[in-house]
Structure formats: C-alpha cells, structure tokens
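Please look at the sequence and the model below, and keep both in view while reading this report.

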Amino acid sequence: MAMNVGDRWFLTYNACEDKARDVMEKIIKRNQLQQNTSGYIQLNAQARQSMKQFSKDLNTLKEDLKKASSSYYITQREVERRQRLVEKLESKERQMEMIFSERAAGIRESRSERTALLGGQFTPSSGIAFGIEETNETKDLTVEEIKQSQQQVLREQDRGLEGLSNIITRQKQMAHHIGEELDLHNEIIDGIVDHTDTTKERLCKETRHIAIVDRKSNTCGYWVIIVILLIPILVIPLV
C-alpha cells in the first residue's frame, strides 16, 4: 500500500525529533569531557554533523508543509497544527546551537576573567602581575606564598563558576520541563477542539433528524383529522 504525503511528513517530523534527542545526548556527553581529548573531538564532530542533518530535515518539513498548504491537500486547521510542530523544532534547533557553542564561549570567558584578575600579565616564573602596585597584604610574603594565594583565589573562582553553572543547568532543565508541559497542554487543547467539532456535527445531524420526524408526525396528524371528518360524510348518505 502506497504511503500518502501526510504519512511521509510525520515520518520526517518524528525523524527530526529523534535527531534532536540524539544531538542533545552527544553534546551532554561531550561537555563532560576535557577539551582536546579524542573523545571530545569525536563527539563534537558527530554532534555538528547531526545538527546539519537536523537542519536539512527541518527545511524539508517546511517545504513539504508549504506545498501541502498551497495545494489545499490539508485543511487550514491541520496546516496551523503542523506549523506549531515546525516552530517547536525550530526552538529545539536554537537551543541545540546555543548549548553546542556555549562550552567554548564559557572557557574563553573564564580565561579572560582569570587574566583580568591577575592584571593581564601574570607569569608562573615571576608570581607577580606586572604593572600592579604591591599592597601591604603581599609585601611581606615570599614569591611562593604569593603563588599559593593566587591559586587559592583561582580555586574559589572555580567553585563560584561551578555553582553558577549548576544553577544555569537547573534553570535549563526547568525550562525544558515547562516546554514539555506546554506541548502536552497544546495537544490536549487540540484534542478538545477536535472532539467539540465532532460533537457539534453530531448535534446538527440529530437536529435535522428531529425536524424531519416532527414534519412527518404533523402530516400524520393531519391525515387522522381528515379521516375522522370523512367518516360522517360517508356514513350520513347511508343512513
């Protein structure tokens, strides 16, 4: 049995959903690894390739929906429903691109902040940032003690950044759950609208049936009255 256009469209949509989940899994696994490792580089390349395929499939969905809408192959309500599904995939695409690129951006920002904290010219050999006036807190310290102090500052900064990262991760998870709830509510609303339309059609159909029965019952009553009136007319001549 041949597959119709609607079936192919939803098959492509489901493939995009699976591809999005696959990309997110690859990115999460990649972010758990250190940069410049073979595992990181491999997952990074796989995620990038999957994102390209996702974008290609998403464009195919858009083109097929445009053709189906212009040819009136599907109803306007169905066009709007599929457009919402496409917008959902577009939102996932933006989310994937943001998460994919934020790791490298976060590392560059962290290095920049560390450089700024050390005066921009800290070198392990000197232990002191050039161009910065020595304070009372460091003038009585040895070079090794200054190094340890700076390392302690960096460790505290790392803990602060890690805490901030955990907060952002929790917020993303909350946003993801909220998005899933909204999608579920939209599906429920669509189902209610469909059931309402079906119920309305049934009510209209039954109303027409009642009107027909009512007309027939009125006609039957008229015939009974006519027969009753005819009986005296037919009986009187016989008498």
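In this predicted model, Leu 164 is found in helix H4, which covers residues 143-238. With a relative accessibility of 46%, Leu 164 counts as partly exposed, because that value lies between the 20% limit for buried and the 50% limit for exposed residues. Together with Leu 161 and Ile 168, Leu 164 forms a nonpolar patch on the surface, and the three have about 230 Å² of accessible area together.

Asn 44, by contrast, has its place in helix H2, residues 38-70, and is buried, because its relative accessible area of 17% is under 20%. Leaving aside residues up to four places away in sequence, Asn 44 touches Arg 30 and Phe 100.

| Residue | Relative accessible area | Class |
|---|---|---|
| Leu 164 | 46% | partly exposed |
| Asn 44 | 17% | buried |

Helix H2 has 33 residues and should span 48 Å at 1.5 Å a residue, which agrees with the 49 Å between its end C-alpha atoms. The buried residues of H2 include Leu 43, Asn 44, Ala 47, Phe 54, Leu 61 and Leu 65. In an α-helix there are 3.6 residues a turn, so residues three or four places apart point the same way.

The largest nonpolar core has 21 residues, of which Trp 9, Phe 54 and Leu 89 touch the most other members. Two or more residues of this core come from each of helix H1 (5-31), H2 and helix H3 (76-117). In soluble globular proteins, nonpolar side chains tend to be buried together. Not counting residues up to four places away in sequence, Trp 9 touches Leu 61, Asp 64, Leu 65, Arg 82, Leu 85 and Val 86.

Definitions and conventions
Residues are numbered from 1 along each chain as its sequence is written. This is a predicted model: local features need pLDDT of at least 70, side-chain atom pairs count only at pLDDT 80 or more; totals for chains, interfaces and linings use all residues. Side-chain values use heavy atoms; hydrogens and water are left out. Patches are made of residues with over 30% relative accessible area and no salt bridge: like charges are joined within 9 Å, nonpolar side chains (Val, Leu, Ile, Met, Phe, Trp, Tyr) within 5 Å. Accessible areas come from the Shrake-Rupley method with a 1.4 Å probe; for residues, only the protein chains shown count as cover. A salt bridge is a side-chain nitrogen of Lys or Arg within 4 Å of a carboxyl oxygen of Asp or Glu. Helices (H or I, at least four residues) and strands (E, at least two) are DSSP runs, numbered from the N terminus. Buried means under 20% relative accessible area, exposed over 50%, partly exposed in between (1.4 Å probe, protein chains only). Contact means heavy atoms within 4.5 Å. A nonpolar core is a set of buried Ala, Val, Leu, Ile, Met, Phe, Trp, Tyr and Cys residues joined through side-chain atoms within 4.5 Å. The expected span of a helix is 1.5 Å times one less than its number of residues.
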